[in-house]
2 protein chains.
Amino acid sequence: MNVRPVAIVGGVTTKFGVRPLTWAELAQEVGAALFRAVPALRTEDVDALFVGAAEPERFAFQSHVAPLAAEQMGLRPTRILQRTELACASGQSAIRSAYAAIAAGLSDVAVAVGVEKMNLPSMAEANTSMACVMDRPWDGPHGATAPPFFAMVAQRHMREYGTTEEQLAAVSEKNHRFANSNPTAQFHEKTFPREKLRRLPVVAPPLRLGDCSSMTDGAAAVVLVAEERVRQYTDTPAWIRGSGQYSHFHNLANSGSLTDWIGLRLAAREAFGRAGIGPADVDFAEVHDCFTISEIVEYEMFGWAPVGQGGRFAEDGQGDLGGALVVNPRGGLLGCGHPLGATGIAQAVEVVQQFQHRVPPARAVPDPEWALVHNLSGSANVHSIMIYQRGGAA
Amino acid sequence: MNVRPVAIVGGVTTKFGVRPLTWAELAQEVGAALFRAVPALRTEDVDALFVGAAEPERFAFQSHVAPLAAEQMGLRPTRILQRTELACASGQSAIRSAYAAIAAGLSDVAVAVGVEKMNLPSMAEANTSMACVMDRPWDGPHGATAPPFFAMVAQRHMREYGTTEEQLAAVSEKNHRFANSNPTAQFHEKTFPREKLRRLPVVAPPLRLGDCSSMTDGAAAVVLVAEERVRQYTDTPAWIRGSGQYSHFHNLANSGSLTDWIGLRLAAREAFGRAGIGPADVDFAEVHDCFTISEIVEYEMFGWAPVGQGGRFAEDGQGDLGGALVVNPRGGLLGCGHPLGATGIAQAVEVVQQFQHRVPPARAVPDPEWALVHNLSGSANVHSIMIYQRGGAA
């Protein structure tokens with residue numbers, strides 16, 4: 001069946017970091033910024049709003065955030081508004097929902113916005129809330145939150161394939177370097193050499209502070225439109241050409257191998273199949289580097305590196321400018337921070353800005369045509385992928 | 001533009017009530033029941049899962065519930081799974097997402113499941129969690145939770161239009177009577193005469209216990225399929241012919257009139273327009289009677305009763321069997337209970353069962369062709385509507 005094409009025509013990201021703002025104030029800030037960033041967009045054009053947010057119920061003691069975001073963004077009345085939650089992939093879920101709504105003829109011009117407020121007066125409460133992403137009654141008592149889970153992945157990857165701490169640090173060094181050229185990133189450490197990264201405190205062995213993304217406040221928004229409306233907003237759209245999303249377990253006991261992420265392989269196969277391209281066609285990718293080891297496993301699952309060679313791929317700079325493809329030029333979750341519901345949308349904003357040649361030379365991908373965005377959620381049990389193609393000038 | 005038609009081909013509801021089960025166990029129960037209720041459905045047919053849940057983060061201290069539900073329902077690996085949240089309308093949001101995914105060509109056979117576990121050892125905690133549905137920092141300090149808000153609506157409706165407590169009780173009597181013929185309903189009070197209802201304790205004046213829906217544990221699931229797959233599962237599908245969803249405020253200060261629900265009027269106009277029918281064509285409706293006054297206002301906003309005459313419409317039995325149309329034959333939220341994420345899906349199950357003539361005579365709508373399902377969320381600030389048409393036998 002044929003459905004009408006959909007493109008992202010613009011977007012914006014707030015400053016990520018420890019922001020002295022509430023959830024609602026972050027939504028207001030990104031709403032105002034969106035209409036400045038896409039000057040042709042009027043509030044009355046927007047006929048659908050999708051809100052990605054992972055845990056406002058716990059971090060902000062506020063549920064039913066979709067109409068709250070609508071009001072704060074100046075969209076009133078608002079059509080088809082919905083909040084999507086898929087933990088760390090909540091933002092991409094909002095984009096996918098907006099895509100489906102437009103393709104299905106329910107919307108012509110949709111906004112997908114992601115907002116997360118994670119830094120609280122009591123960070124103990126924030127960390128406790130993070131614990132409910134995994135299977136709480138079964139995995140929670142064993143202390144399974146994100147850092148120990150990904151530490152197990154790293155330990156296993158080291159044992160199976162000889163991956164080294166130096167290779168983990170190579171991912172962190174690259175992404176923090178890219179973040180230096182991204183003014184919205186949480187971290188702007190001017191030099192983050194691998195030797196320094198390897199002296200940082202251990203969070204969960206072998207993962208050190210520089211191997212972990214952070215608790216971050218932030219918001220991001222993009223505008224998705226049906227084909228016939230694209231030229232109204234931009235000459236350089238990011239066409240959505242493929243997507244895929246799979247889960248293969250929830251309880252850790254059902255995960256199978258820690259280093260073979262089946263859900264990611266299935267999601268990638270679907271996304272590449274729909275887009276009609278293969279891994280080697282991707283010019284740059286925004287992948288979910290919640291931890292350095294994640295990016296290394298992802299190199300392998302996407303087929304950019306042979307299985308077991310993700311560490312070597314990192315060490316050799318194959319995911320850097322001048323390598324096989326550029327991975328996380330935005331600065332990644334490691335450099336930008338990880339406001340759960342905003343991350344997937346901020347990654348899409350980077351795609352638009354790369355396609356429109358609006359990023360500084362330090363992270364500019366040369367002549368990009370194909371971009372891939374990947375988010376995982378939970379214990380890498382769910383994987384969500386979007387593939388974008390640059391549209392030419394009119 | 002033309003998109004391929006989508007129908008609901010079957011569904012099931014667990015027993016609603018105070019259930020000694022966890023969130024995950026409710027998901028497991030409804031999954032097993034779904035495959036019994038739709039015998040032709042195999043797990044490998046299901047290529048998308050959408051999970052409606054309002055507040056598992058607070059009620060069950062569990063987020064990221066989409067992969068949890070998938071695992072508990074025996075769907076592994078699972079494609080395009082997503083949790084949708086729109087407070088009291090979270091279930092219908094899951095159906096709408098599944099509809100859009102199928103219409104957009106992302107799925108052929110999707111399951112929409114709604115699960116909510118609301119009864120906790122500490123009901124004080126449960127009630128506190130309900131407070132975060134409304135605008136917490138602005139409306140929360142004034143005590144704005146659902147009962148006081150809808151009490152204000154009732155007081156205002158009484159003042160403007162002379163609506164009476166007897167008319168409120170007429171809605172409750174009808175819906176509780178219908179619930180007696182629904183084995184999955186939470187309440188089976190055999191006689192609930194209006195005089196008895198008017199002696200029940202006051203919750204928020206003028207609303208008494210019988211005017212309020214309850215805190216309920218329960219789950220429901222439906223199967224949505226693309227046109228070409230319908231006959232594989234049923235001879236009598238419920239075709240999705242129209243939908244509409246609007247919000248017109250979040251903060252109560254922006255609500256405007258308490259008795260003129262603009263969002264509902266806009267959503268209804270869109271849903272009727274897409275379906276190509278008018279209010280008088282609806283044979284029966286499952287509307288959101290979280291409180292008796294809600295159903296009365298809804299009679300007016302949908303155009304079944306003139307504005308101000310909703311109370312009279314109830315008193316005259318116009319929403320009962322033999323009236324203008326049958327409203328809430330399932331037993332409504334008042335009689336069935338209101339497990340937030342499950343309600344919208346249980347309403348759709350009733351539509352399928354009415355169309356398939358599988359309900360007892362006490363609540364059977366004669367020869368139904370058109371059905372409407374409505375959910376509101378929060379302070380009646382968001383309204384979601386689906387319109388279904390009965391498909392004929394093959």
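This is a predicted model: local features need pLDDT of at least 70, side-chain atom pairs count only at pLDDT 80 or more; totals for chains, interfaces and linings use all residues.
Residues are numbered from 1 along each chain as its sequence is written, while chains are lettered from A and ligands numbered from 1 in the order in which they are written.

**How the chains meet**

- Chain B brings 55 residues into contact with 55 residues of chain A, where contact means C-beta atoms, placed from the backbone, within 7 Å.
- On chain B, the side that touches chain A draws at least two residues from each of α2 (56–59), α3 (65–72), β3 (78–79), β4 (81–85), α4 (90–103), β9 (238–247) and α10 (262–275); these are DSSP runs numbered from the N terminus, with helices (H or I) of at least four residues and strands (E) of at least two.
- By class, that side of chain B holds 25 nonpolar, 19 polar and 11 charged residues; Ala, Val, Leu, Ile, Met, Phe, Trp, Tyr, Cys and Pro count as nonpolar, Asp, Glu, Lys and Arg as charged, and the others, Gly among them, as polar.
- Strand β3 (residues 78–79) of chain A runs antiparallel to β9(B), joined by two bridges; two strands pair if DSSP finds at least two bridges between them.

**Symmetry**

- Chain B superposes on chain A by a rotation of 180° with 0.0 Å of shift along its axis (RMSD 0.0 Å), fitted by least squares on the C-alpha atoms of residues with pLDDT of at least 70 in both.
- The two copies are thus related as by a two-fold rotation axis.
- Because 100% of the interface residues of chain B are also interface residues in chain A, the copies meet through the same surface.

**Inside the fold**

- In helix α11 (residues 292–301) of chain B, 10 of 10 residues are buried, meaning that 20 or more other C-beta atoms, placed from the backbone, lie within 10 Å of each residue's own.
- After α11(B) comes G303(B), with a positive phi near 90°.
- G310(A) lies in helix α12 (residues 310–315) of chain A and is buried, with 29 other C-beta atoms within 10 Å.
- Beyond its neighbours within four places in sequence, G310(A) is in contact with I296(A), V297(A), Y299(A), E300(A) and A305(A).

Conventions:
Two residues are in contact if their C-beta atoms, placed from the backbone, lie within 7 Å. A residue is buried if 20 or more other C-beta atoms lie within 10 Å of its own, exposed if 12 or fewer, and partly exposed in between; C-beta atoms are placed from the backbone.
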